[in-house]
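The reader may wish to keep the sequence and the model in view throughout.

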Amino acid sequence: DILKSSTSQAGSQQALEMFERAIELDPGFELARKKVAEAHANVYWSSFRTLIGFPQEDADQALDRLFPETFGDDSAAYFLAKATLLRRADRPAEGRAYFDSARVFLEPEVVARPTDARRHAQLGLAYAGLARQEEAKREGRRAIELLPIAEEAYPGAALADNLAHILVLTGDYEAAIDQLAALDRKSTRLNSSHM
């Protein structure tokens with residue numbers, strides 16, 4: 001599966017183009033439609049396009065292709081993806097409703113599984129979308145405490161990147177820049193130690 005074999009934005013973009021072509025050839029190809037939504041999610045989550053903006057048409061197109069089943073049983077990830085795209089499509093009230101749906105789903109999950117770093121990261125993002133700044137930062141930081149880059153490089157880096165996203169959403173731009181700079185330094189050290 002091309003989406004699973006490539007974690008890069010370029011790979012996700014290539015997969016997106018291939019699945020869109022498959023839909024052009026066979027509009028009833030349901031698996032390709034689901035994979036288009038998954039590729040869109042990968043493209044938008046794997047880069048800062050969700051933070052720095054992109055044409056509204058792109059957000060609207062991605063929203064049209066975003067399906068809950070793309071995220072399997074991870075309803076929170078679907079709610080967060082939808083909320084983020086709605087914000088980027090300049091539909092903040094709708095985005096807020098999806099951030100709140102994610103919060104309602106995630107709060108009991110975090111209580112039930114307090115060591116699940118991914119759930120803390122997601123809850124931090126939901127809180128940030130709801131302008132609950134201190135709670136958002138606390139959850140984002142808790143996530144990277146639970147799973148630091150030194151322990152698990154790829155998921156740890158994703159959690160650190162998520163914290164930067166949270167900091168941007170809460171308006172703490174300097175801290176977001178510092179977080180990304182620290183992430184870059186850690187990534188550079190890890191890469192050089194594997195050579």
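## Overall composition

Of the 195 residues in the chain, 43% are buried, where buried means under 20% relative accessible area, exposed means over 50%, and partly exposed lies in between (1.4 Å probe, protein chains only). The model is predicted, so local features need pLDDT of at least 70 and side-chain atom pairs count only at pLDDT 80 or more, whereas totals for chains, interfaces and linings use all residues. Residues are numbered from 1 along each chain as its sequence is written, and side-chain values use heavy atoms, with hydrogens and water left out.

The chain contains 11 helices and 0 strands; these are DSSP runs (helices H or I, at least four residues; strands E, at least two) numbered from the N terminus. Its accessible surface is about 10,300 Å², and carbon and sulfur atoms account for 52% of that area, as computed by the Shrake-Rupley method with a 1.4 Å probe, with only the protein chains shown counting as cover for residues. With contact defined as heavy atoms within 4.5 Å, 52% of the contacts between residues at least 6 apart in sequence join residues at least 24 apart.

## Helix α7

Helix α7 covers residues 92–112, and its end C-alpha atoms are 30 Å apart, which agrees with the 30 Å that 21 residues should span at 1.5 Å a residue. The expected span is 1.5 Å times one less than the number of residues. At L106 the helix bends by about 30°, and the proline P108 follows within four residues; the bend is the angle between axes fitted to the seven residues ending at a position and the seven starting there.

The buried residues in α7 are G95, F99, A102, R103, L106 and V110. Their cover includes α6 (75–88), α8 (117–129) and α9 (133–146).

## The surroundings of D74

D74 is located in the loop between α5 (56–64) and α6. Its relative accessibility is 13%, so D74 counts as buried. Apart from neighbours within four places in sequence, D74 is in contact with R118, R119 and Q122.

Two polar contacts involve the side chain of D74: one to the side chain of R119 at 2.9 Å, and one to the side chain of Q122 at 3.4 Å. A polar contact is a pair of N or O atoms within 3.5 Å; within protein, one must be able to donate a hydrogen and the other to accept it, and residues adjacent in sequence count only if both atoms are side-chain atoms.

## Salt bridges

The structure holds 14 salt bridges, each a side-chain nitrogen of Lys or Arg within 4 Å of a carboxyl oxygen of Asp or Glu. In one of them, the side chains of D74 and R119 meet at 2.9 Å, N to O. Because D74 lies in the loop between α5 and α6 and R119 in helix α8, the pair ties together parts that are 45 residues apart in sequence. Both D74 and R119 are buried. Another salt bridge joins the side chains of E109 and R113 (3.8 Å, N to O); R113 is partly exposed, at 37% relative accessibility.

The side chains of E134 and K137 also form a salt bridge (3.9 Å, N to O). Both residues lie in helix α9, 3 residues apart, about one turn of the helix. E134 is exposed, with a relative accessible area of 57%, whereas K137 is buried, at 9%. Elsewhere, salt bridges that share partners join D74, E109, R113, D116, R118 and R119 into one network.
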